[in-house]
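I opened this notebook to keep track of what I looked up, one topic at a time, in the structure shown below.

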Amino acid sequence: MPASIIIFLEKCTGCTLCVKACPFGAIHMANKKAVIDMGKCTLCGACVEACKFKAIELKKDAGAKRDLSGYKDVWVFCEQKKGVIQSISFELLGEGKKLAGKLGVKLCAVILGSGMDSKIAELSERGADIIYIVDHPALKSYQDDPYTEVLVKLAEEYKPEIILCGATTIGRSLVSRVAVKIGAGLTADCTGLDIDEKERLLLQTRPAFGGNIMATIITPNHRPQMATVRHKVMKEAEIDKSRKAEVIRKNYPEDVMKSRTRLLDVIEEIEETVNLAEADIIVSGGRGVGGPEGFAMIKELARALNAAVGASRAAVDSDWMPYSHQVGQTGKTVCPKLYIACGISGQIQHLIGMQSSDVIVAINKDPDAPIFKIATYGIVGDIFELVPALTKEFQRLLNK
Amino acid sequence: MDYFLTEQQTMMRDLAKKIADEKIKPVAAHYDETEEFAWPIMKILADSDLFGVYIPEQYGGLGGGIVDMCVVTEELSRACGGIALGYAGTGLGTIPILLYGSEEQKKRFLPDIAKGKRLAAFCITEAGAGSDAGSIKTTARKEGDHYILNGTKQWITNAGEAEVYTVIASTDKTKGTRGASAFIVEKGTKGMDFGKKEKKMGIRASATREVIFTDCRIPAANLLSKEGMGFIIAMKTFDNSRPGVASQAVGIAQGALDHAVEYARTRVQFGQSISNFQGIQHMLADMGTQVEAARALVYATARMVDSGAKSVAKESAMAKLFASDVAMKVTTDAVQIFGGYGYMREYPVEKYMRDAKITQIYEGTSQIQRNVIAANMIKESLKK
Amino acid sequence: MHIIVCIKQVPNTTDVRIDPVTNTLIREGVESVINPFDAYAIEEAVRIKERFSGKVTVLTMGPPQAETALREALSLGCDEAILVSDRKFAGSDTWATSYTLSAAIKKIGAFDVIVCGKQASDGDTAQVGPGISAHLDIPQVTYVKKIVEISATAAKVERMTEEGYDIVETPLPCLFTVVKEINTPRLPSLKGMMRAKSAKPLKWTAEDIGAEPGSLGLDGSPTRVVKIFTPAPRKGGEMLEGDTTDVSKELVELLKDIAIH
């Protein structure tokens with residue numbers, strides 16, 4: 001029987017709680033009774049929880065229970081670029097260790113690349129019990145085809161119950177394809193992971209609508225349970241030099257390594273040395289910065305703090321900064337420890353991209369700017385005075 | 001208020017509004033400051049087909065009329081009266097061809113104008129011939145199958161940027177106004193030059209220059225209608241174009257009013273939003289009522305023009321007079337509501353006030369409009 | 001050249017507000033728009049068509065109201081529009097969505113390029129584009145910021161990365177997901193709007209696309225949403241006041257620990 005949702009009209013009091021609860025705008029009132037627009041309904045069940053009168057019933061038929069007992073272990077896909085393991089991988093190993101502990105299974109690191117043996121110690125120290133290595137010249141840099149094929153083959157052979165991957169450009173491109181090929185459930189851009197120990201389910205929590213709502217998602221009847229995880233949310237695994245992991249090396253025939261696309265060149269072009277997604281501190285400028293010259297002072301402050309430089313859409317659209325620095329809905333989503341917004345009014349599209357930062361500082365001359373509503377510390381004033389003054393103070397503090 | 005626009009007119013209004021909001025508003029202050037001509041916006045308007053709304057379909061347009069032109073002009077002017085003038089000025093230069101052009105002339109010039117490939121301009125004013133348009137000094141002397149133009153036109157909107165110019169010149173000085181004729185002159189014609197760009201109070205994104213003719217030879221085929229029709233063509237053109245200027249005025253007024261309402265809502269003084277104060281509320285109410293009344297008059301007049309009514313001189317003059325006076329009043333009040341902020345160039349409303357002023361001056365000052373209105377009223381009374 | 005562009009209708013985030021009392025999304029008066037990233041996909045598809053001639057087919061899966069999005073795409077230069085709509089699709093996650101769209105694409109037939117926006121602004125998953133290419137087993141390049149060269153058989157593109165970009169060559173047919181930097185979408189033209197108004201998008205059901213019933217909607221979706229909640233809204237904090245030197249000193253003191261890290 002397919003899934004269905006029913007409203008018991010005799011129980012519905014027309015209280016509209018469900019209308020407010022529906023994140024998809026699928027419920028409206030007609031003759032004082034709730035009506036669900038099935039075109040918009042995603043069967044998420046938010047209304048069922050909201051209804052105080054038990055007037056809504058959601059039947060989710062999971063189909064015949066499959067035997068999932070053959071799947072075990074928590075895998076972390078460890079992303080490497082130019083042979084360097086990316087910090088997100090250590091964050092995932094840290095989180096994966098907790099999950100593996102709750103499930104009583106092993107934590108496994110999966111690494112694809114060329115000449116990766118030198119990384120075994122590093123991954124062991126970060127807590128991996130098993131390291132799967134696939135070493136081949138074709139895997140030196142990321143390419144969709146061979147990476148997908150290899151990860152599919154590994155997962156099919158060793159049957160992990162969970163695969164975690166960074167929500168990076170590589171991670172999102174790769175595991176989306178893997179999940180389709182192996183019929184796995186995949187949840188994007190998680191900010192919280194936990195285990196339902198009774199059901200042995202991975203509880204994946206992620207923001208939607210630019211962080212305005214949060215959803216917890218499970219994969220009840222498919223394995224592996226796959227998730228991409230946002231950068232800088234989880235804590236990096238502690239280093240323990242005494243640890244030694246079991247190493248499993250896999251080789252695959254040449255046709256697995258074939259790529260239809262060809263990587264011709266890798267260009268690095270970030271103006272400042274710090275990558276936005278990796279940065280602990282971001283100094284951002286908006287329309288109030290006034291022009292490309294104004295960004296010189298923003299960069300100066302960023303340098304003092306060893307921070308990355310961000311920009312609002314207004315600043316990017318005016319060509320004051322390249323698009324790669326744009327934070328917000330049509331740019332990058334960031335969550336650094338500290339975000340300093342200079343001359344940014346705080347349009348919703350910008351807030352979506354940075355509102356989960358730990359500490360937000362806003363400097364703006366308009367006391368009514370929406371950015372102040374979410375700022376941890378706000379200063380109403382002239383950025384052209386305040387930013388250089390702050391730079392000087394930070395330089396003094398950090399002896400630069 | 002619902003003006004019962006057709007589906008197509010509603011579509012063009014929405015599209016013009018989208019362009020105004022997304023493309024013009026963000027750059028209005030920039031062009032006002034630099035006084036550059038907004039070619040990137042003209043390109044967007046061209047790609048959107050809006051240049052063709054009032055041009056018949058057989059010449060590549062959308063087959064609408066003055067109402068359509070007004071709908072677009074109003075929406076664009078809400079964002080920037082200066083940039084909108086690149087559009088409206090092309091309309092003014094095109095109307096003589098629409099009204100009096102031969103089939104051959106229409107086929108030659110209208111399709112490119114409809115596509116926005118070429119802008120147009122209208123040249124009548126001279127240093128010594130402003131309100132007194134009859135005293136123009138520019139001459140056109142016939143020589144075989146050519147005319148030779150000599151003289152200087154002043155304060156020509158779109159000059160230098162436009163490629164098609166309708167020029168009023170005297171072919172027979174002895175006949176006064178009845179000796180004037182209208183010609184189409186293409187940019188690039190030898191003997192046609194442009195003076196330096198004028199520095200203006202408002203509508204600074206629009207280009208205003210002298211157009212100078214020095215033994216400028218144009219084919220006789222470029223004469224509109226026939227010799228001696230120049231003054232009539234000019235007057236009929238203004239009868240048709242004045243609703244356009246009026247809609248520019250309505251747009252400018254509406255733009256300023258929108259800012260004023262928004263500001264009144266968000267500005268806090270004495271611990272509350274200033275929109276709570278009756279003094280501000282009454283100002284806003286008067287402004288809103290005046291703008292709506294002006295708009296109603298403009299659309300009623302534009303419809304009358306499109307209906308093919310024989311004489312629209314009085315109504316056109318009334319629409320332009322009323323709408324431009326409303327624009328001046330409403331934009332001045334908008335600055336007043338903004339207070340000190342309104343006077344600062346960093347805020348948008350003072351520009352609307354500067355832009356509004358020209359609508360009381362060009363295409364006939366408010367005083368000339370009153371002359372036209374009174375003259376027509378007296379004439380009508382005599383006929384009774 | 002036949003280009004297929006996949007789009008999604010989403011609520012306009014500019015309008016999305018949170019009810020300060022109930023702390024829930026206010027849906028009233030929220031307009032539905034084409035996913036902002038898909039606007040770049042449409043523009044790029046139309047540009048490829050303009051270079052080679054051919055046609056652009058725009059495809060969406062959604063409720064009947066999504067036809068508005070298709071009409072807008074037609075006014076922007078797409079030639080044909082297909083709405084895949086069926087109550088059986090309700091509850092689709094990215095797996096089922098990419099399955100459904102790939103089934104529709106198989107029904108469309110031969111194509112050279114599929115273009116998708118990099119992600120949708122409501123779900124933000126970035127999984128459907130790669131999912132489609134996996135179902136169809138064609139090469140993909142994600143996060144494309146520039147098409148450097150394209151011929152009838154291959155393309156050279158720039159793929160955005162965290163550090164800069166990669167230059168990637170791919171044979172056609174293939175799938176691209178595109179980022180904002182790739183172009184500036186045009187506005188519709190009046191003639192385009194009028195054509196779109198009278199156009200009749202094709203409407204396909206689950207049966208029409210020959211999809212496996214078990215792979216559709218909630219039943220075809222490995223993932224389940226078990227809880228939806230609104231995070232506690234971020235509260236505005238402290239306003240620092242005083243002259244430039246004083247507030248700078250105060251702020252630096254407050255941020256000392258983070259700055260030293």
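**Chain C as a whole.** I began with chain C and found 7 helices and 15 strands in it, where helices (H or I, at least four residues) and strands (E, at least two) are DSSP runs numbered from the N terminus. I note at once that this is a predicted model, in which local features need pLDDT of at least 70 and side-chain atom pairs count only at pLDDT 80 or more, while totals for chains, interfaces and linings use all residues. Residues are numbered from 1 along each chain as its sequence is written, and chains are lettered from A and ligands numbered from 1 in the order in which they are written.

I then looked up the extent of chain C, whose C-alpha trace spans about 65 × 45 × 40 Å along its principal axes. Of the 261 residues in chain C, 59% are buried; a residue is buried if 20 or more other C-beta atoms lie within 10 Å of its own, exposed if 12 or fewer, and partly exposed in between, with C-beta atoms placed from the backbone. I also checked the contacts in chain C between residues at least 6 apart in sequence, and 70% of them join residues at least 24 apart. Two residues are in contact here if their C-beta atoms, placed from the backbone, lie within 7 Å.

**Strands around β9(C).** Next I followed β9 (residues 140-150) of chain C, which runs parallel to β12 (residues 174-178) of chain C and is joined to that strand by 3 bridges; two strands pair if DSSP finds at least two bridges between them. In this pairing Gln140(C) has Leu175(C) as its bridge partner. With β10 (residues 154-160) of chain C, β9(C) pairs in the antiparallel sense over 5 bridges, and there Lys146(C) stands opposite Glu158(C). I wrote down that a hairpin through 3 residues joins β9(C) to β10(C).

**Where chain C meets chain A.** I asked how many residues each chain brings to this contact, and the count is 82 residues from chain C and 93 residues from chain A. Elements of chain C that each supply at least two residues to the side touching chain A include α3 (94-108), β9, β11 (164-171) and α6 (244-254). By class, that side of chain C has 36 nonpolar, 29 polar and 17 charged residues; Ala, Val, Leu, Ile, Met, Phe, Trp, Tyr, Cys and Pro count as nonpolar, Asp, Glu, Lys and Arg as charged, and the others, Gly among them, as polar.

Strands also pair across these two chains: β17 (residues 262-268) of chain A runs antiparallel to β11(C), joined by 6 bridges, with Leu263(A) opposite Val168(C).

**Chain B.** I turned to where chain B touches chain C, a contact that takes 12 residues from chain B and 8 residues from chain C. The largest share of the chain B side, 6 residues, comes from α1(B), and by class that side has 7 nonpolar, 2 polar and 3 charged residues.

How do the helices α1(B) and α2(B) lie to each other, roughly parallel or roughly antiparallel? The axes of α1 (residues 7-34) and α2 (residues 39-47) of chain B come within 11 Å and cross at roughly 155°, and the two helices are therefore roughly antiparallel. At this contact Ile19(B), Lys23(B) and Ile24(B) in α1(B) meet Ile41(B), Ile44(B) and Leu45(B) in α2(B), which divide into 5 nonpolar, no polar and 1 charged.

My last entry concerns Ala249(B), placed in α6 (residues 230-266) of chain B. Ala249(B) counts as buried because 35 C-beta neighbours lie inside 10 Å. Leaving aside neighbours within four places in sequence, Ala249(B) has contacts including Ala323(B), Val326(B) and Thr359(B).

Technical notes:
Axes are lines fitted to C-alpha atoms, for helices over the stretch in contact, and angles run from 0 to 180 degrees between N-to-C directions. Angles under 35 degrees count as roughly parallel, over 145 as roughly antiparallel, 65 to 115 as roughly perpendicular and the rest as oblique.
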